[in-house]
Amino acid sequence: MWALASLLLAGPVRAAIPNAMLRGMPSLPKLPLPDRYRFITSPNGTVLPPITTVYYFDQLIDHNNPDLGTFQQRYWMNWEFYEPGGPIILMTPGEGPGDYSVGFTTNETINGLIAQQQNGAVITIEHRFFGYSNPYDNLTSQSLALLTIQQAIDDLEYFAKTADLPMPGGNAVKPGQAPWILSGGSYSGALTSWTMVNKPGLFWAAYASSAVVEAITDYYGYFTPVREYMPQNCSSDVEAVITYLDELYGANDMAGIQTLKEAFGLGDVVHVDDFASAIQNNLFDWQDLQPNVGPGATFFQFCDALEVKNGVSAGPEGWGLENAIKSWGNFWNTTYYDYICESEDAETCFGTYNTSQPYWTNVTVNNADRSWFWMVCNQVGWYQVGPPEGQPAIVSRILQPIYSQRQCVNMFPQAFTYPPQPTTTQTNAMYTGWNVNVPRLFFANGLRDPWRESTVSADGLNKPNTTSMPIYEGDGFHCSDIITNNGIVDPTVAVVQEAALRYMKEWLAEWRPSTRQ
């Protein structure tokens with residue numbers, strides 16, 4: 001993340017994953033670990049273990065039935081800035097393996113900046129059923145029944161209350177003995193907010209970046225910031241193609257749809273909804289952007305392919321439908337297809353109807369897409385679909401929640417005999433969603449974040465920014481404020497980061513121990 005151009009995934013993005021939605025998971029950006037963090041020392045000069053060292057915690061398999069025993073939950077820790085009395089900052093990377101989260105323990109991120117300012121230590125703990133922190137040795141529906149928001153929250157509580165940390169004095173810094181700060185971004189930012197609601201008083205303070213606190217089934221709002229902030233000529237031409245596709249579909253013009261698919265080199269994609277999902281991939285590239293990612297980013301390559309003709313850029317209205325189909329299709333044929341699919345044929349790469357594919361049947365662990373699909377199908381939704389009629393569309397209205405819900409049956413036939421409705425109403429009622437109101441919880445959001453509409457900075461929500469629960473919004477993208485370097489590049493992100501550090505200093509000054517040292 002920080003050579004932020006490296007935020008753009010090297011090589012094919014998610015080859016052989018039919019559902020483009022999983023490219024837009026509410027995830028933290030990947031953060032490579034700079035070499036200078038391979039060897040670190042404490043404030044007194046003691047050489048510390050490499051921060052890549054993996055530690056293990058005996059976590060309860062089921063918090064509702066402790067008799068089932070424990071599993072080994074992996075975590076990583078950096079105490080280079082720690083001094084007795086300092087805070088313990090805990091973060092889970094959320095829906096991905098924890099190996100990629102080690103950098104979030106350093107001052108390349110807001111976690112490390114807080115630790116440096118407050119003489120604290122930082123921990124990242126792998127989420128249950130992601131990476132190699134698995135209660136069972138498979139990801140069957142039966143095993144995944146224990147993958148719930150509440151179990152994940154209970155994991156954080158049990159860890160904070162019972163873990164003896166590997167640093168000196170690490171057996172005497174539990175909540176009450178030391179202030180704990182919970183931190184997260186994206187889904188893990190939502191988990192931060194939900195934990196603060198569900199476990200009041202456990203964590204003294206919290207930092208939630210791009211926190212998707214509101215579970216939404218029909219999440220067409222994902223594309224609202226993309227359409228608002230992408231180059232206007234590019235959005236105009238994308239809208240023209242999408243409108244044309246939807247008109248063909250509405251008229252049942254299968255010959256016209258086939259001609260359009262062939263223009264993209266996707267003539268072998270059998271079902272029109274899979275085609276609509278395939279070309280949605282270009283919009284998901286927006287989530288890879290950060291303030292210091294320049295014009296060479298994949299998303300901007302795509303827009304340049306549509307809008308620059310003979311060295312001349314189109315005006316805000318774009319070049320029009322005919323050129324847009326030709327140019328967008330050419331981008332797929334010359335560049336993008338290989339980027340996504342490598343050597344796979346189009347139906348294998350994008351089709352979602354052949355349930356014998358290993359993508360649907362592989363139940364081995366460390367399969368983040370499968371674990372996340374389980375959470376999406378059951379509790380949070382966030383299906384990134386076309387907008388209602390009357391709103392500008394850069395994604396086809398052919399894509400509705402049923403497109404993903406049908407795939408829930410594909411993935412988990414033992415659990416679902418028909419397309420399930422995620423329990424978003426219950427999730428929001430249980431954890432308060434947009435109605436969150438807890439003290440010492442700092443929200444940080446970005447205007448250009450595609451997940452903005454499920455955060456407390458959603459359009460029209462007008463949630464107040466208070467000293468008890470501050471809400472700051474910069475011009476950044478997804479979780480931009482977590483990354484230290486983004487504050488150097490973008491002054492509006494710096495304002496968010498500086499405010500967070502100021503509030504953490506004030507809140508920690510108010511903390512008093514409640515347990516004997």
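I counted 17 helices and 12 strands in the chain, taking helices (H or I, at least four residues) and strands (E, at least two) as DSSP runs numbered from the N terminus. The model is predicted, so I note that local features need pLDDT of at least 70 and side-chain atom pairs pLDDT 80 or more, while totals for chains, interfaces and linings use all residues. Residues are numbered from 1 along each chain as its sequence is written, and side-chain values use heavy atoms, without hydrogens and water.

The C-alpha atoms fill a box of roughly 75 × 50 × 40 Å along the principal axes.

Burial: 61% of the 517 residues are buried, meaning under 20% relative accessible area (1.4 Å probe, protein chains only).

Contacts (heavy atoms within 4.5 Å): of those between residues at least 6 apart in sequence, 74% join residues at least 24 apart.

Cores: I take a nonpolar core as buried Ala, Val, Leu, Ile, Met, Phe, Trp, Tyr and Cys residues joined through side-chain atoms within 4.5 Å. The largest has 131 residues, among which Trp194 and Leu266 touch the most other members. Helix 10 (residues 321-341) gives this core its largest share, 10 residues. A second, separate core has 28 residues, including Met91, Ile114, Val122 and Tyr207.

Leu266: leaving out residues up to four places away in sequence, I list among its contacts Phe275, Ile279, Trp332 and Phe350.

Definitions and conventions
Buried means under 20% relative accessible area, exposed over 50%, partly exposed in between (1.4 Å probe, protein chains only).
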